[in-house]
Amino acid sequence: MLAHFNIISNCIITKPNNYIAVLKKGNCLFHLACYEDALNEYKRVLKINPNSISAIYNKGIVYYYQDKINEALQQFDSCESLCNINNQYHESQISTPLQNTNEDIYYNKAVCLYRLGRKQDALDYFNKCNELQSGDYNTLNNIGISYRDRDVYSDRIMFPLWDISGHIV
C-alpha cells in the first residue's frame, strides 16, 4: 500500500490537476486509517472536479467511519442527486476499491437513515437498493431488521435459505 501511495504522490507532483490520482491517494489514506488526510484529498478532488461522484461518495464513507452520520448522509444525498441528474452513474474514474454504484449509494444512505432513527426512510432506501440488486443478503437482512423494529412484517420479504455448503435452497 505504501509503495502504491508513493507512486500516486509522485504522479500528483508532476500533474497536480490529475484528480484521478488525487482520488486514489485519498483511497490509500483511507485504507491506512488516515481519515482526515483522506477527507482533505477528496475535498481537493472536488476543487478540480466538483461533480466527482466518487469523491463525494468517499467523503460520505469517511464521515461514516468518523461517526459523523449527518455529514455522511449529506454526501450520499448529493451522490443521489448527481446520479439522478446524470440518469445513471458512469464516472470514468471508478475509484477502486471504493467503487460506488446506485445500489451502494442507496444502501449507505439507508444505513445512515437507520442510525439516525429514521427507520421508515431507511426501509424505503433498503427497498430501492433491493430493486436494483435483488437478493443481496445484507440488503435483505436490513429490510428484515427494519420491519422487525417497526413491529411490521411483510409476506413479500423472502430471505434466501442457505444449505450447509453455501448453496441457495
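Cys79 has its closest cysteine sulfur in Cys83, at 6.5 Å, which is too far for a bond. A disulfide is a covalent bond between the sulfur atoms of two cysteines. Two such sulfur atoms have to lie within 2.5 Å to be counted as a pair, and by this rule the count comes to 0 disulfides. Please keep in mind that you are looking at a predicted model.

How accessible is Cys79, buried or exposed? Cys79 counts as buried because its relative accessibility is 0%. Cys34, on the other hand, has 28% relative accessibility and so counts as partly exposed.

Now step back to the whole chain. There are 8 helices and 0 strands, and read from the N terminus the elements go α-α-α-α-α-α-α-α. The chain holds 169 residues, of which 43% count as buried. Among contacts with a separation of 6 or more, residues 24 or more positions apart account for 50%.

| Helix pair | Angle between axes | Distance between axes |
|---|---|---|
| Helix 2 (residues 19–31) and helix 3 (residues 35–48) | about 165° | 8 Å |
| Helix 6 (residues 102–115) and helix 7 (residues 119–132) | roughly 160° | within 8 Å |

An angle over 145 degrees counts as roughly antiparallel, so helix 2 and helix 3 are roughly antiparallel to each other. Helix 2 passes helix 3 in a left-handed crossing. On the helix 2 side, the contact is made by Tyr19, Val22, Leu23, Lys25, Gly26, Asn27, Leu29 and Phe30. Helix 3 contributes Tyr35, Asp37, Ala38, Glu41, Tyr42, Arg44, Val45 and Ile48. Sorted by type, the residues of this contact are 10 nonpolar, 2 polar and 4 charged.

The loop between helix 2 and helix 3 is where Ala33 sits. Ala33 is not a glycine, yet its phi is positive, near 65°. With 48% relative accessibility, Ala33 counts as partly exposed. Asp67 also has a positive phi, of about 65°, although it is not a glycine. The place of Asp67 is the loop between helix 4 (53–65) and helix 5 (69–86).

What about the other pair in the table? Helix 6 and helix 7 are roughly antiparallel to each other, and helix 6 passes helix 7 in a left-handed crossing. From helix 6, the contact takes in Asn102, Glu103, Tyr106, Tyr107, Lys109, Ala110, Val111, Leu113 and Tyr114. Its partners in helix 7 are Lys119, Asp121, Ala122, Tyr125, Phe126, Lys128, Cys129 and Leu132. The residues of this contact divide into 11 nonpolar, 1 polar and 5 charged.

Our last stop is Ser146, which lies in helix 8 (residues 137–149). Which residues does Ser146 touch, leaving aside those up to four places away in sequence? They are Tyr114, Leu123 and Phe126. Tyr114 and Phe126 also take part in the contact of helix 6 with helix 7. Ser146 and Tyr114 are 32 residues apart in sequence, while their C-alpha atoms are 8.1 Å apart in space. Ser146 counts as buried because its relative accessibility is 0%.

Key: Residues are numbered from 1 along each chain as its sequence is written. This is a predicted model: local features need pLDDT of at least 70, side-chain atom pairs count only at pLDDT 80 or more; totals for chains, interfaces and linings use all residues. Side-chain values use heavy atoms; hydrogens and water are left out. Axes are lines fitted to C-alpha atoms, for helices over the stretch in contact, and angles run from 0 to 180 degrees between N-to-C directions. Helices (H or I, at least four residues) and strands (E, at least two) are DSSP runs, numbered from the N terminus. Angles under 35 degrees count as roughly parallel, over 145 as roughly antiparallel, 65 to 115 as roughly perpendicular and the rest as oblique. A crossing is left-handed if the near helix is turned anticlockwise from the far one by less than a right angle, and right-handed if clockwise. Contact means heavy atoms within 4.5 Å. Ala, Val, Leu, Ile, Met, Phe, Trp, Tyr, Cys and Pro count as nonpolar, Asp, Glu, Lys and Arg as charged, and the others, Gly among them, as polar. Buried means under 20% relative accessible area, exposed over 50%, partly exposed in between (1.4 Å probe, protein chains only).
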